Amino acid sequence: MPFRTRSAYAFLAPYLLVFATFWVWPIINSFLISFQNTRINPWKFSFQANWGRLFYDPAFYNALYNTLIILLIQVPVMIALATVMAVMLNSPLLKARPLFRFAFFAPVVVGEVAYAAVFRLMFSLDFGIINKLISAVGLSPVSWFDNANAAMALIILAVTWRWAGYNAIIILAGLQSIPDDVYEAATLDRVSKIQQFFHITLPLLKPIILFCVVLSVIGTMQLFTEPFLITNRGGPGGGTETLGLLLYRQGFTSLNFGYASAIAYTMAALAVAISLLNLWVGRDPK
């Protein structure tokens with residue numbers, strides 16, 4: 001091996017060692033643990049204890065159902081909202097555009113615990129501003145944390161608020177890469193702004209939107225913070241418990257590391273499958 005090649009690997013060695021120790025080995029080890037019955041001492045191999053349990057565990061199906069509901073409702077709404085926000089932020093008619101771009105991106109910077117606490121206060125039944133506004137228009141206050149459907153709506157709203165601006169900035173970058181000549185030619189051909197949006201902007205943004213969808217799918221499959229902090233660990237009665245929260249409960253509350261590892265790999269497999277499905281649906285026809 002040439003000296004320069006050996007030198008390059010020598011410089012890379014510390015990073016590769018850390019990478020293998022704290023990333024590669026934990027992934028391999030957790031996969032092996034998923035085949036172990038960790039409820040006994042010493043641990044023993046048992047496929048049925050973890051992977052077999054997934055097929056009849058009502059808690060797993062409840063968490064899977066909640067996760068898919070959030071995925072099917074929140075992701076399309078958020079991506080649509082982010083696309084509209086990006087178009088507005090790209091408009092030359094908008095004044096102080098850098099300020100608005102920062103304002104829309106700011107929720108990502110806010111600490112998760114802080115924004116979860118603010119949402120709990122805002123949607124409180126007794127003194128929350130949201131229920132005060134609902135009462136002001138003559139409607140009955142909503143018990144957001146005691147009703148499963150209301151709590152699910154709150155989770156969807158919180159996740160959308162936090163990540164819509166982030167996706168809007170990504171889509172905005174795609175918008176700014178579209179040449180102005182395309183729109184000028186369409187304007188000369190008397191194509192309306194709405195037609196330009198649907199027949200020019202959206203088709204050209206398709207790869208960027210697909211990228212945002214894949215990122216959102218992966219993030220939603222791992223959703224943990226909002227149901228844990230806002231709806232008090234997936235309440236009420238498991239109505240907002242997600243796969244990420246179930247994994248945490250099995251691994252760090254019940255100390256059932258084998259089952260938690262099986263759930264983790266199931267989450268990863270579902271995220272990959274749904275992402276590949278999105279890429280297949282959004283592929284360019286030949």
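**Pockets and fold of the predicted chain**

The second largest pocket has a volume of about 470 Å³. A pocket is an open set of points on a 1 Å grid over the protein atoms alone, where a 1.4 Å probe fits and protein lies on both sides within 12 Å along at least five of seven lines; the volume is the space filled by probe spheres set on points joined across faces, edges and corners. The model is predicted, with local features requiring pLDDT of at least 70 and side-chain atom pairs pLDDT 80 or more, while totals for chains, interfaces and linings use all residues. Residues are numbered from 1 along each chain as its sequence is written, and side-chain values use heavy atoms, with hydrogens and water left out.

The lining of the second largest pocket (residues with an atom within 4 Å of a point) comprises 20 residues, and Leu247, Ala260, Ala264, Tyr265 and Met267 lie nearest the centre. At least two lining residues each come from helix 1 (3-33), helix 9, helix 11 (243-253) and helix 12 (257-281). The most are given by helix 12, which supplies ten. Helices (H or I, at least four residues) and strands (E, at least two) are DSSP runs numbered from the N terminus. By class, this lining holds 13 nonpolar residues, seven polar residues and no charged residues. Nonpolar covers Ala, Val, Leu, Ile, Met, Phe, Trp, Tyr, Cys and Pro, charged covers Asp, Glu, Lys and Arg, and the others, Gly among them, are polar.

The largest pocket has a volume of about 550 Å³. Its lining consists of 18 residues, with Val87, Asn90, Pro92, Tyr183 and Lys193 nearest the centre. Helix 7 (148-176), helix 8 (180-188) and helix 9 (193-221) each contribute at least two residues to this lining, and the largest share, five residues, belongs to helix 9. Eight nonpolar, six polar and four charged residues make up the lining of the largest pocket.

The chain contains twelve helices and two strands, in the sequence order α-β-β-α-α-α-α-α-α-α-α-α-α-α. Along the principal axes, the C-alpha trace spans about 75 × 75 × 40 Å. Of the 286 residues, 37% are buried (under 20% relative accessible area with a 1.4 Å probe and protein chains only; exposed is over 50%, and partly exposed lies in between). Contacts (heavy atoms within 4.5 Å) between residues at least 6 apart in sequence join residues at least 24 apart in 65% of cases.

In an unreviewed entry, UniProt places the feature "transmembrane region" at residues 12-35, 63-87, 99-123, 150-175, 196-218 and 257-281; its positions follow the numbering used here, feature names are shortened, and annotations may be inferred rather than shown by experiment. Residues 196-218 are 100% helix and 0% strand, with end C-alpha atoms 31 Å apart. For residues 257-281 the content is likewise 100% helix and 0% strand, and the end C-alpha atoms lie 36 Å apart. UniProt also lists residues 64-278, again in an unreviewed entry, as "domain: ABC transmembrane type-1". The end C-alpha atoms of residues 64-278 are 19 Å apart, and this span is 76% helix and 0% strand.

Thr266 lies in helix 12 and is buried, at 14% relative accessibility. Beyond its neighbours within four places in sequence, Thr266 is in contact with Trp51, Leu54 and Phe60. Thr266 and Ala63 are 203 residues apart along the chain, with a C-alpha separation of 12 Å. Ser124, in the loop between helix 5 (112-122) and helix 6 (129-136), is also buried, at 10% relative accessibility. Ser124 touches Asn131 and Phe145 when residues up to four places away in sequence are not counted. Val109, in helix 4 (residues 97-109), is exposed, with a relative accessible area of 62%. Val109 and Leu12 are 97 residues apart in sequence, and their C-alpha atoms are 32 Å apart in space.

Backbone features in loops were also examined. A cis peptide bond with omega of about 5° joins Asn41 and Pro42; Pro42 lies in the loop between strand 1 (36-37) and strand 2 (44-45). Another cis peptide bond, with omega of about -5°, joins Gly235 and Pro236. Asn232 has a positive phi near 55° and is exposed at 55% relative accessibility. Arg190, in the loop between helix 8 and helix 9, has a positive phi near 60° and is exposed at 79% relative accessibility.
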